[in-house]
Each structure stands twice: as structure tokens, then as C-alpha cells.
Amino acid sequence: MTSQKNWGVLAEFANPAELLHAAQELHKLGYRKFETWSPFPIHGMDDAMGLTGSKVPWLTLGGGLTGLTIGLLLQWWTGAVDYPLVIGGKPYFAWQFATPVTFELSILLSAFGTVFGMFALNGLPRPYHPLDRVARFRRVTDDGFFLSVEVADPLFDMERTHNQLAELGGAHITVVEDK
Amino acid sequence: MSDTSPHNKESIFPPPFVAGKHDFHSITEAICGVVEKPLNINWILALGVAGTVMAMLFASIGYLFWEGTGIWGLNNPVGWGWAIVNFVFWVGIGHAGTLISAVLFLFRQKWRTAINRFAEAMTIFAVICALVFPGIHVGRVWAAYWMLPIPNQMAMWPNFRSPLLWDVFAVSTYFTVSLLFWYVGLVPDLATLRDRAKSKLAFWSYGLFSLGWRGANRHWQNYERAYMLLAALATPLVLSVHTIVSFDFAVSVLPGWHTTIFPPYFVAGAIFSGFAMVLTLAVPSRKLFGLEDFITIRHIENMNKIILVTGTLVGYAYAMEFFIAWYSGSPYEGFAFINRAFGPYWWAYLAMVSCNVISPQFFWSKKMRTNLTVTFILSIFVNIGMWFERFVITMTLHRDFLPSSWDYYAPTVYDMSTFLGSFGLFFTLFILFLKFLPAVAISEVKGVMPQADPHWEGYAHAHHAVSNAVSNKEAH
């Protein structure tokens, strides 16, 4: 491929404070398709980047309600409809005895919704990312603090964005190819 | 004045979460180093011993499958012997892991970060050990799937009116949710190991399980929310699990079991025994793997305080059971308790009370709480005491309503080899965990360091300089 396409630029920052500050400034300048990368979540970064809230709780709720419904229907249908059987003179179905299993299934499916929902929202698993080609970027899971701006951002301009990142204190600014 | 005394200072400024001089990189090095070092001979020896003991478990189970539950010491009034004792014992141990990872997280007890990974691993391995016992106790193991609502040729369904079935759902949900919680916590740390991998095998295996985690803030946002929600789900879950385990006893109509104090009493006991097991494992491991800077004396002391509280709660429950047995006026109830303390199993009752109620009282003293040897020894005592608690409760069966059917239960060698073997299973898994996975949550520990806060005083100067530079440029 001769006509190489670029994915964006990547800059490294010295510490969480500088990264947070850079994110704030870029957001103020109007950038939206940029991302910060860090070894741990940084307090205040969501606001700095202007992110709206996470959708994970809705998936948790959806999972929980599904579990609740399955739990009640399962115990009612198997015990009172499909094969009614008198055991110890107890009723075929009653919410009292159905509570523990319904509760456990609600929790189980809430957890499924939360975990698998979180991975899905994050687009994981994602075995490859253009940033993997930047050797320095491997430090992001150790002590590296990075900020990337995607070419797809309407404000992106190779030279201007590069300079803005440099002014904000970004080091080792690299153009990342889209491969 | 005492204002300037060192003790006073200490109480105003709590010690840091991470001892010694560490930055982000040195934390990665210290924790990943344990995993990346070549196998050492002590580790292999430890694995060999644990593996041999585990083999004994599998051999005992094999013989049990061949011969049937008659190889155990079960008899007619005592249909539940060591298998149920061991089941409750192991489930209880698991509970401290969830308590540390979920409950302390919700209460924002940041000191938990050093021990949560460790404790969660313990939970999972303990629940695996627990699940073995009811699984093999069913007698006809090939029919064990009857516990699950699977459509079958008999067109029959499980009996949802039975607390034993509630237990199946409770413990399997608990295992699954604990595993997910542990895994979610591990993902960023597996990514760290992937990014440091020297060999292809390490790169691919850590790479596979880290799912391509790269620390994007949009990912952290969902991740943190998911983690918080999981903690919020695991908290009622852990309380429900031991509550439902106690229902196995409390929902029956036997004197000594049919009491409303069982759920809270079982939960307190579970937390108590679980913290004891965390300490039994943590005190030697921190030494062996050089993790003293992360699992500090402060952690040990906090856990000892929890042991003191829960141990005292358990003691209160023992007393209250006796009181209610007398106050109820039921002669059967009264007999069950008198028989527990003064009947043929008086020695088990004595072991239970002295290990669980008396031994934790040493932790009123700060000197004792911060002494590693004392902590280790007392943690063993608590483990033993809590096993005896379940034994005492189960042995209530041995004298039922009809004196002619009374009997004395004694375990056989196969009961013992199965129980001992379950420790082999537990330690094999634990030893493998310590070597192949980060034993301390790397990203979480970094997150509680002062440097992780963007408003840390150390950054105030740099931050100011950068913003000045930018605003100067903008002005030009």
C-alpha cells in the first residue's frame, strides 16, 4: 500500500495532571474524537473530556429484570403448570419459596449484563489497534500517559494539532498510521 | 502535652497505602516481577506437595464413586457428616474475599486494594472446594444433573420448595459472579503482563485474556461503572449465599437448627473464618513474594480488627442460641443445646468456643494485632474453630427425637482423606495463581497512590507552568 492512511497522532504526557489538563484544553478547543490512555482511571477525566455518563447501568437493569422474570416463570411453570406435585403439603407455587432462586437469578443475570455489557460497550475483545504499532505506547499499562487525536475529528489538521499537543506539554508526538 | 507524641501524629495522618518509595513503574516491576521470574525450586516443591495432597482427594473421590457413600462414617440419624461440614466451612472461607472486594469497595476503604486480588482468588478456590462436597455427597453422582432444571425423559423438574435447591442456585451464582468480578479486575493487569511479555507464549496467553485492553479513558469510564455495579451486586449476593446455606439447616424442623438467628449468625461466622484464612495465606505469602510494601502491617491490623468484631458477634450468637433455647420453653430445643455443650461431643463444643470466642479477644491489644506471629497462630485457631462450629451444628443430628435411634458419628479414614485432600486442591490452585497472575491489583494500587491524583501537590508547580505556557502562546 503506497497511499498510507493516517489514524491520528499520539502524544505522551508526563503525569496524570498534565494529561488531564491537555484533555481539558483540547475539549475547549472543540476536539471531540480524542482519547486519553492511562494505566489507571484518572479522577476528573470524564468531565475534562466532556464525556456523558456510562450506559452500563441500563444493561445491569436489563439483566436483572430478565433474571427476575426467568426466575419467577421457571418456578411457577415447572412446579404449578408442567408437573404439579404435592410435596410436604406445600402449595405448587408461592412467592415465599420462590424468593431465594428468583433473587439469585436476578443477581446472576445482572452481573452478566454488567460484565458482558461493559465489554461490548468498550468494543472488547479487540486484538489489534493502530496504536499497537507505536512501541512507546506499550508503557500505557505501566506508567505512560497518552493522548491521541483521530484524523476523523473535523478539527484535525496534522500541523495544527501537532503544535497544539506540543504546546500542551505533549512529548514524543507520533503520527499513527491506520493499518 | 501529649499533642506532640508520635502516637497522636499517627492517628491524624494514617500511614500511606503503599509503604516504601514507589512510583508507578516500580509498582509494576515489583508485582509483575513475581510472575516473570523463572520458576524457583521452592515454588516447585510447594506445588508438588499440594499436588500430592490433591491427588489424595481425587483418589478418595474415585473410591467413593466406585463404592458409594458407605465408605464414610454416615449412619442413620447422622445422614450429613463431614461432607456438609466441609461444604459450609469452605463456602464460609470464600466470603471474606467478596467482603474485601465488594463491601469494602462500596465503603471506599481504599486499603483493600492491596489484598483484594488475593482474597478474591481465595474466594474462587474455596468455592471450588465447597462445590466438590455436595457434588460427591449425592450418592448417585451420575444423577447430579437432577439438581438443575434440565428437561429430561422423566418430564420431572427439581423441587424448588427445597432449601437444598436454593443452595444450588445460591452457590453456583456466587461462584460465577465471583469469577466475573475477579476477571474484570484482572483485565487491566493482564494487559500489563501482555505488554511486558518476553516470550511468545506469555504474549499470546496474557493477550488473549486481556481482550485488547489499552487503558482508554472511555473504557475506564465503563469499566469503573461496571466494577462499582458488580460490587453493589456482590454485596447482597454474599449475604444471601450464607443466609441460604443456613436455610439448609434453619428451614428444617429440627431442634437446634430451626432458629431465625441462623442467617445473620452464619454470615458473621463466614466473614470471621474468611478473614482468618486471608491472614493465614497473606502473612507467609507477603514474606515469600516480597510484597511487604503492599500488604502492610496496617492491612494486617485492619483485618485483625474485623476478626475481633465478627468473632465477638459469633460469640454473641452462641450465647443467644442458649438463651432462646431456655426462653422458648421447648424441652427438645433445650435438650439439643445442653447435649451440644455437655453431650458426647462436648470436646467439639469446647474447641469451637475457645477458638472462636476466646482466641480473637487477644486482638483488643494493638501489640497483638500488629504482631505477625500472633496473627498467624490466631488465624489458624479461628480456622479450626470455625470448622468445629459447623461440626457441632451438624452433629445436632446424632440424638434425634427417638432415643432408640440415637447414634454416635465418627469419621472414617476416607472422610479425613477427602477433607485433607480438599486443602490440596485449594493450595494447588492458590500456588498456581501466585505464580501466573498478579497477586496484587496493579492498576488499583497505582490508583490509590498520591501521584495518581491529578491535583496532587507535587504536580501543582508543573501544572501551573504548563497552563501559563499555553495561555501565553494563545495571547500572542
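Tutor: From the N terminus on, the elements of chain A follow the order β-α-β-α-α-α-β-α-β, where helices (H or I, at least four residues) and strands (E, at least two) are DSSP runs numbered from the N terminus. This is a predicted model, in which local features need pLDDT of at least 70 and side-chain atom pairs count only at pLDDT 80 or more, while totals for chains, interfaces and linings use all residues. Residues are numbered from 1 along each chain as its sequence is written, chains are lettered from A and ligands numbered from 1 in the order in which they are written, and side-chain values use heavy atoms, with hydrogens and water left out.

Student: Why is chain A called more spread out than a compact globule?
Tutor: The radius of gyration is taken over C-alpha atoms, and the globule rule is 2.2 Å times the number of residues to the power 0.38. For 179 residues that rule gives 16 Å, whereas chain A has a radius of gyration of 25 Å, well over that value, so chain A is more spread out than a compact globule. Its C-alpha atoms fill a box of roughly 80 × 40 × 30 Å, taken along the principal axes.

Student: What are the domains of chain A, and what separates their centres?
Tutor: Chain A is divided into domain 1 (5-51 + 130-178) and domain 2 (56-122), with bounds that come from an automatic or database domain assignment. Taken over C-alpha atoms, the centres of domain 1 of chain A and domain 2 of chain A are separated by 44 Å.

Student: What makes A:Trp37 count as buried?
Tutor: Buried means under 20% relative accessible area, exposed over 50%, and partly exposed in between (1.4 Å probe, protein chains only). A:Trp37 has 5% relative accessibility, so A:Trp37 counts as buried. This residue lies in strand 2 (residues 34-37) of chain A, and its C-alpha atom is separated by 56 Å from that of A:Tyr92, 55 residues apart along the chain.

Student: Why is B:Ala191 called buried, and which residues is B:Ala191 in contact with, leaving aside its neighbours within four places in sequence?
Tutor: B:Ala191 has 0% relative accessibility and therefore counts as buried. Contact means heavy atoms within 4.5 Å, and, with neighbours within four places in sequence left aside, B:Ala191 is in contact with A:Thr141, B:Ser210 and B:Trp213. B:Ala191 lies in helix 6 (residues 163-196) of chain B.
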